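Subject: Structure handover

Hello,

Here is the structure that I am passing on to you. My notes on it follow below.

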Amino acid sequence: MSTRSKPAGRRARPYILVAVAIAALAAAGAWWSGTRGASEEGAYRTTEVQRGDIRMAISATGTLSAISTVVVGSQISGQVTQVLVDFNDKVESGQVLARIDPSSYQAQIEQGSAQIASARASLSQAQATLRNAELDYRRKAELGDRQLVARSDIDLARAAREQAQAQVRSAQAQIQQQTAATRTTRINLDRTVIRSPVDGVVLTRTIEAGQTVAASLQAPELFTIAEDLSKMKIELAVDEADIGQVKAGQGVSFTADAFADRQFRGVVEQVRLAATNTSNVVTYPVVVTVDNSDGTLLPGLTVNAEIEVNRRDDVLKVSNAALRYKPTGAEGAAAAMPPGGARNGVSADLARVAADLGLAPAQQAAFDEALAAVQARQVARQAAPRPGAAGAGGGQGGGQGGGPRMVVMSAGGAAGAASQMRQRMLQRFREDFAGFRGSLDESQAARWDAALSSLVGATRATVYKLVDGSPQPVLVRVGASDGTDTELSGALEAGDLLVTGERPAK
């Protein structure tokens with residue numbers, strides 16, 4: 001029985017049809033997915049409001065050193081006969097570090113002792129002469145009273161006695177002089193032994209046995225001793241633009257190239273006033289103390305430090321791109337700043353502050369009444385027509401019936417005007433809420449005053465919250481920033497989407 005095989009092309013046709021069908025389905029899926037993604041992506045780029053921590057830090061470089069470093073020198077000249085310590089040796093206060101040849105000073109002491117003995121012999125001779133002169137004067141004075149000797153003999157005896165007294169005083173002075181000279185020589189003899197003034201570690205040694213030390217105008221440096229390496233310091237060079245934020249007690253984190261896998265901590269100990277100007281760059285030294293109880297850190301290491309000048313924990317924060325966004329075109333005109341501007345923002349914030357004060361019903365009623373009066377006045381001010389906004393003189397000519405005249409201010413003038421405006425706003429709010437504040441107890445009043453001053457003086461900005469696909473302006477108070485994220489407070493919650501940009505139309 002014979003069988004006929006099917007042609008090869010006919011056998012492959014079903015596989016080709018299946019492959020074509022799969023490719024068609026894949027293309028349709030890709031098109032549908034792209035269309036759906038573009039639809040869900042929307043016309044705006046957004047970022048989410050998050051709750052977290054913000055850490056503000058200033059970067060600086062510096063060098064590690066011991067808190068107290070003592071340079072040991074020599075006050076005398078001579079040849080070094082012994083060097084008893086070496087680099088990195090631990091020494092105690094009073095320990096002998098080196099010795100200088102004492103022979104010349106010993107010889108001077110012997111010479112001084114001989115001179116003292118000679119002066120004492122001269123003193124004994126002068127004292128004997130004085131005793132004889134005293135007796136001679138007494139005898140002649142008695143004879144003179146009886147008119148048995150001439151008056152001139154008495155005067156000569158008195159003069160001889162006074163000369164003898166002077167010789168005694170001179171001999172005594174010579175003894176004191178020689179004693180003092182010998183005492184100085186003994187002090188110098190004691191200085192031939194170089195001792196450690198503190199407990200510490202020898203960092204440097206600049207002498208060898210047999211070397212001659214010449215102490216003429218200044219003491220030569222022989223050793224450098226670090227008093228205590230368990231506590232060290234860093235002297236950071238902080239730029240003048242950042243020094244105003246640095247205060248004693250702030251935390252510092254730093255790294256050293258020698259220990260790249262470790263991060264160390266320190267505390268700002270002192271902000272020094274001795275500014276340094278290098279190539280027109282002004283820096284201030286900031287001293288940071290470091291705990292080095294494990295002995296890891298070494299003197300002289302260069303460190304890269306960050307001074308934590310501010311830290312805000314568990315706050316609402318958002319990417320800085322949301323603060324830079326401003327809508328354009330017709331949407332920009334529609335999404336303008338909320339009516340009332342900063343005043344409405346402060347009013348809303350004060351309502352939240354009042355809610356945290358634990359007000360009694362009477363106090364809450366007083367606050368509501370004051371707040372309603374403020375808001376009513378703001379509405380009336382917004383509804384009132386501005387002078388020169390319309391009418392015969394309302395053109396751009398700027399005549400006497402026209403709109404408000406534009407005044408160009410310098411940066412300093414604008415800052416001064418903003419400060420004055422904040423002061424007036426603060427004064428007005430104090431007047432508006434004076435009755436409410438009078439109903440508060442001492443603790444509540446202190447918290448209210450602090451919150452009012454902080455809120456009025458705070459920086460405010462408008463961000464745009466994405467609501468139902470369109471940006472809506474929200475006035476917020478801007479707080480600390482770490483350069484990437486910024487703290488915000490206002491009518492926002494974690495999870496809200498803020499617009500950071502607009503996507504190009506496809």
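Helices (H or I, at least four residues) and strands (E, at least two) are DSSP runs, numbered from the N terminus. This is a predicted model, in which local features need pLDDT of at least 70 and side-chain atom pairs count only at pLDDT 80 or more, while totals for chains, interfaces and linings use all residues. Residues are numbered from 1 along each chain as its sequence is written, and side-chain values use heavy atoms, with hydrogens and water left out.

The largest pocket

Strand 16, helix 6 (341-355), helix 10, strand 18 and strand 19 each give at least two residues to the lining of the largest pocket. A pocket here is an open set of points on a 1 Å grid over the protein atoms alone, where a 1.4 Å probe fits, with protein on both sides within 12 Å along at least five of seven lines; lining residues have an atom within 4 Å of a point. The volume of the largest pocket is about 490 Å³, a volume being the space filled by probe spheres set on the points, which are joined across faces, edges and corners. The lining has 24 residues, and those closest to the pocket centre are Arg-312, Asp-349, Leu-455, Arg-477 and Ser-489. By type, the lining divides into 10 nonpolar, five polar and nine charged residues (Ala, Val, Leu, Ile, Met, Phe, Trp, Tyr, Cys and Pro count as nonpolar, Asp, Glu, Lys and Arg as charged, and the others, Gly among them, as polar).

Strand 19 and its partners

Strand 19 (residues 485-490) is largely enclosed by the rest of the structure, because five of its six residues are buried (buried means under 20% relative accessible area, exposed over 50%, partly exposed in between, with a 1.4 Å probe and protein chains only). Strand 19 pairs with strand 16 (residues 302-319) in the antiparallel sense over three bridges; two strands pair if DSSP finds at least two bridges between them. Glu-487 of strand 19 has Lys-317 opposite. Strand 18 (residues 470-481) also pairs with strand 19 in the antiparallel sense, over four bridges, and Val-478 has Leu-488 of strand 19 as its bridge partner. The hairpin of strand 18 and strand 19 has three residues between the strands, and Gly-483 there takes a positive phi near 95°.

Aromatic residues

There are nine aromatic pairs in the structure (rings of Phe, Tyr and Trp, the last by its six-membered ring, pair if their centres lie within 6.5 Å; planes under 30 degrees apart count as stacked, over 60 as edge-to-face and the rest as tilted). The pair of Phe-436 and Trp-448 is edge-to-face, because the ring centres are 4.9 Å apart and the planes stand at 75°. Phe-436 lies in helix 9 (residues 434-438) and Trp-448 in helix 10 (residues 442-457), so the pair ties together parts that are 12 residues apart in sequence. Both Phe-436 and Trp-448 are buried. One aromatic cluster is formed by Phe-367, Phe-429, Phe-433, Phe-436 and Trp-448.

Two loop residues

Asn-88 is not a glycine, yet has a positive phi of about 70°. Asn-88 is in the loop between strand 4 and strand 5 (90-91), and counts as exposed at 59% relative accessibility. Asn-280 also has a positive phi, near 65°, in a residue other than glycine. The loop between strand 14 (276-278) and strand 15 (281-291) holds Asn-280, which is exposed with a relative accessible area of 70%.

Regards
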